[in-house]
Amino acid sequence: MKLVWKIILPLPVLAATLFAASFRLPAQVHVEHRVVLAAAPEQVYPYLNNPTEWPKWSFLSKTADPTVIHLYGGPTTGVGARMQWSGDKVGDGKLQLTESISPSSVVYVQSETGLPGNILGEFRLTPVQGGTEVVWRQSAEVGTNIWDKYKGLYQQHKKQQEVEQGLTGLKTLLQNNSKRRAAK
C-alpha cells in the first residue's frame, strides 16, 4: 500500500509542474543555422531556388528516407515553384517559394502533417571572402495549447537537425560538383 502512495502521490505534483512550466514555453519555434560555402552566390542560388534540386541536398533525400516520393508543380524555379513529399520517415508536407531575389535570397512557406501552422523559411546568401555565407532560418507558430507548446519543443529540435543536415548536404554537393569540374 505504501508503494502505491509513493507512486500516486507525486503524479498530481508532476502534472501541476508540467502545466506551470508550459506557460514559460514559447508560442513560436525559431531555428537558424549558417555555413560558409566555397562557391559564389550565383552557384549556390540555383540549388535553393529550384525545389527539384532540394532532394539532392536536404533531409528530403532518398538517402534519409528511401520511401520518399516527390511531386512538383508551378514554375520550375522562383516564386510559385512548389514541391510536395510523402515518406515513412520524413512524413507528408509541401512547400512553395514565395519570394526569390537572385542571387541573395529565397523565401518559402512550408506545411507538414501534424504541425498546427505553417513554417516560414528563408535563405539569405551573402558573399564573403572565400565563398558565400548561407543563413537558413525557419519559424513557426505552435499555438498556446499546452500540448502544442511541448510538441513545439520537439519540432524545434527536429527542425534544427534538418537545417544543419541540409546545409551540410548542400556543402557536400557543391564540393563534389567543384571536384567534378576540376577533373574535367
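Tutor: Helices (H or I, at least four residues) and strands (E, at least two) are DSSP runs, numbered from the N terminus. This is a predicted model in which local features need pLDDT of at least 70 and side-chain atom pairs pLDDT 80 or more, while totals for chains, interfaces and linings use all residues. Residues are numbered from 1 along each chain as its sequence is written, and side-chain values use heavy atoms, without hydrogens and water.

Student: How many helices and strands does the protein chain have?

Tutor: The protein chain has four helices and seven strands. Along the sequence, their pattern is α-α-β-α-β-β-β-β-β-β-α.

Student: What lines the largest cavity?

Tutor: The largest cavity has 15 lining residues, and Val29, Leu115, Ala140, Val142 and Gln155 are the closest to its centre. Its space is about 120 Å³, a volume being what probe spheres set on the grid points fill, with points joined across faces, edges and corners.

Student: Which elements supply the lining of that cavity?

Tutor: Strand 7 (131-141) and helix 4 (146-183) each give at least two residues. Helix 4 has the largest share, with five.

Student: Where is glutamine 161, and how exposed is it?

Tutor: Glutamine 161 lies in helix 4. Its relative accessible area is 44%, so glutamine 161 counts as partly exposed. Between glutamine 161 and histidine 33 there are 9.8 Å in space, C-alpha to C-alpha, although the two are 128 residues apart in sequence.

Student: Changing topic, what is the volume of the largest pocket?

Tutor: The largest pocket has a volume of about 160 Å³. Its lining has 13 residues, with Arg82, Met83, Lys94, Leu95 and Gln96 nearest its centre.

Student: Which strands supply that lining?

Tutor: Strand 2 (69-73), strand 3 (82-87), strand 4 (91-101) and strand 5 (105-112) each supply at least two residues.

Technical notes: 1 Å grid on protein atoms, 1.4 Å probe; cavity = no way out; pocket = protein on both sides within 12 Å on 5 of 7 lines; lining within 4 Å. Buried < 20%, exposed > 50% of the residue type's maximum accessible area, 1.4 Å probe, protein only.
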